[in-house]
Amino acid sequence: VPGTSLNLILGCTFSALRDHRIQAKDGLRRRFLNYTSTGSDRVIYYPESPNPETWAKLVQLFKQILEFKGEVILSEAAKPIWEEFQRSNREQRQEAESEELESLLCESPSHALKLSMIFQAARSAAGNIPWNVISPETLQLAISHVQGCVEAAESIDGSNQSEHLQEVEEF
C-alpha cells in the first residue's frame with residue numbers, strides 16, 4: 001500500500017527486548033526508542049476521569065496543531081547545536097563496540113529531528129512561539145531525550161545507563 005505509516009507504542013519486559021533474534025541491525029529494533037525504569041513511582045489501580053473543564057482546555061491547546069502545515073526548520077541558533085550533535089554522533093558510531101549500538105546511533109539524528117518537531121509543536125500549543133522554527137532549547141531537549149533512549153537500549157543489553165532522561169524531565 002503506497003504511503004502507509006505505522007505508529008506503535010509497545011510495552012514489554014527486559015527479556016523480550018534482550019531477545020537476540022530481534023537485532024537492532026535488522027532494522028526493527030532500531031526504529032524504537034527505549035525507556036527503562038528502576039522501579040514504580042506509584043500504583044494506579046483505576047485511572048480517574050479527567051476533569052471535563054481541564055480536558056476541554058487541553059484539547060483546545062492541541063487542536064491548533066491540526067492547522068500546522070509546511071516546512072519545519074532549525075533556527076539559526078539551533079544549527080550549531082545540530083552540527084555538533086552530528087559530529088559527536090559520527091564519532092560515537094566509529095567507536096561503537098557493537099553493530100547494534102552503531103545501528104541505534106545511525107537512527108539517533110532522525111529520532112532527534114522527529115522529536116524536535118513534536119516538542120516544538122507542543123511548546124507552540126502551550127505558548128506564543130512559532131511551531132515551525134525549532135529553538136535551540138527544543139533541539140537540545142530532543143537530543144538529550146534520544147541519547148537517554150540509546151543509553152537505555154545499552155542498559156538493556158548490559159551496559160550502563162546515564163541520566164539524560166532525567167535532564168529532559170527537569171527541562
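Visitor: How many aromatic pairs does a search of the whole structure find?

Guide: The model is predicted, so local features need pLDDT of at least 70 and side-chain atom pairs count only at pLDDT 80 or more, whereas totals for chains, interfaces and linings use all residues. Residues are numbered from 1 along each chain as its sequence is written, and side-chain values use heavy atoms, with hydrogens and water left out. The search of the whole structure finds 2 aromatic pairs.

Visitor: Why is the pair of Phe 68 and Trp 131 called stacked?

Guide: The ring centres of Phe 68 and Trp 131 are 4.7 Å apart and the planes stand at 5°, so the pair is stacked. Rings of Phe, Tyr and Trp (its six-membered ring) pair if their centres lie within 6.5 Å; planes under 30 degrees apart count as stacked, over 60 as edge-to-face and the rest as tilted. The pair links distant parts of the chain, 63 residues apart: Phe 68 is in the loop between α2 and β1 (73–74), and Trp 131 is in the loop between α4 (99–126) and β2 (133–134). Helices (H or I, at least four residues) and strands (E, at least two) are DSSP runs, numbered from the N terminus.

Visitor: What makes Phe 68 count as buried?

Guide: Phe 68 has a relative accessibility of 19% and therefore counts as buried. The classes are buried (under 20% relative accessible area), exposed (over 50%) and partly exposed (in between), with a 1.4 Å probe and protein chains only.

Visitor: Why is the pair of Trp 82 and Phe 85 called tilted?

Guide: The centres of these rings, Trp 82 and Phe 85, are 5.7 Å apart and the planes stand at 50°, so the pair is tilted. Both residues lie in helix α3 (residues 79–95), 3 residues apart, about one turn of the helix. An α-helix has 3.6 residues a turn, so residues three or four places apart point the same way. Trp 82 is buried because its relative accessible area is 14%, and Phe 85 is buried because its value is 6%.

Visitor: How do you know that Glu 76 forms a salt bridge with Lys 79?

Guide: The closest N and O atoms of Glu 76 and Lys 79 are 2.8 Å apart. A salt bridge is a side-chain nitrogen of Lys or Arg within 4 Å of a carboxyl oxygen of Asp or Glu, so the contact qualifies. Glu 76 is exposed because its relative accessible area is 60%, whereas Lys 79, at 34%, counts as partly exposed.

Visitor: How many salt bridges does the structure hold, and what makes Glu 84 and Arg 87 one of them?

Guide: The structure holds 2 salt bridges. In Glu 84 and Arg 87 the closest N and O atoms are 3.4 Å apart, and both residues lie in helix α3, 3 residues apart. Glu 84 is partly exposed at 43%, as Arg 87 is at 46%.

Visitor: How do you know that the length of α2 agrees with that of a helix?

Guide: The 12 residues of α2 should span 16 Å at 1.5 Å a residue, and the end C-alpha atoms are 16 Å apart, which agrees. The expected span is 1.5 Å times one less than the number of residues.

Visitor: What makes Asn 51 a cap of α2?

Guide: A side-chain oxygen of Asn 51 lies 2.7 Å from the backbone nitrogen of Glu 53, at the N-terminal end of α2. A polar contact is a pair of N or O atoms within 3.5 Å; within protein, one must be able to donate a hydrogen and the other to accept it, and residues adjacent in sequence count only if both atoms are side-chain atoms.

Visitor: Which residues form the nonpolar patch on the surface?

Guide: Trp 55, Leu 58, Val 59, Leu 61 and Phe 62 form the patch, with about 440 Å² of accessible area together. Areas come from the Shrake-Rupley method with a 1.4 Å probe; for residues, only the protein chains shown count as cover. Patches are made of residues with over 30% relative accessible area and no salt bridge; like charges are joined within 9 Å, nonpolar side chains (Val, Leu, Ile, Met, Phe, Trp, Tyr) within 5 Å. Phe 62 lies in helix α2 (residues 52–63) and, at 37% relative accessibility, counts as partly exposed. Phe 62 and Ala 125 are 63 residues apart in sequence and 5.7 Å apart in space, C-alpha to C-alpha.

Visitor: Why is Ala 152 counted as buried?

Guide: Ala 152 counts as buried because its relative accessibility is 0%. Ala 152 is found in helix α5 (residues 136–156). Ala 152 and Leu 33 are 119 residues apart in sequence and 8.6 Å apart in space, C-alpha to C-alpha. Of the 171 residues of the protein, 30% count as buried.
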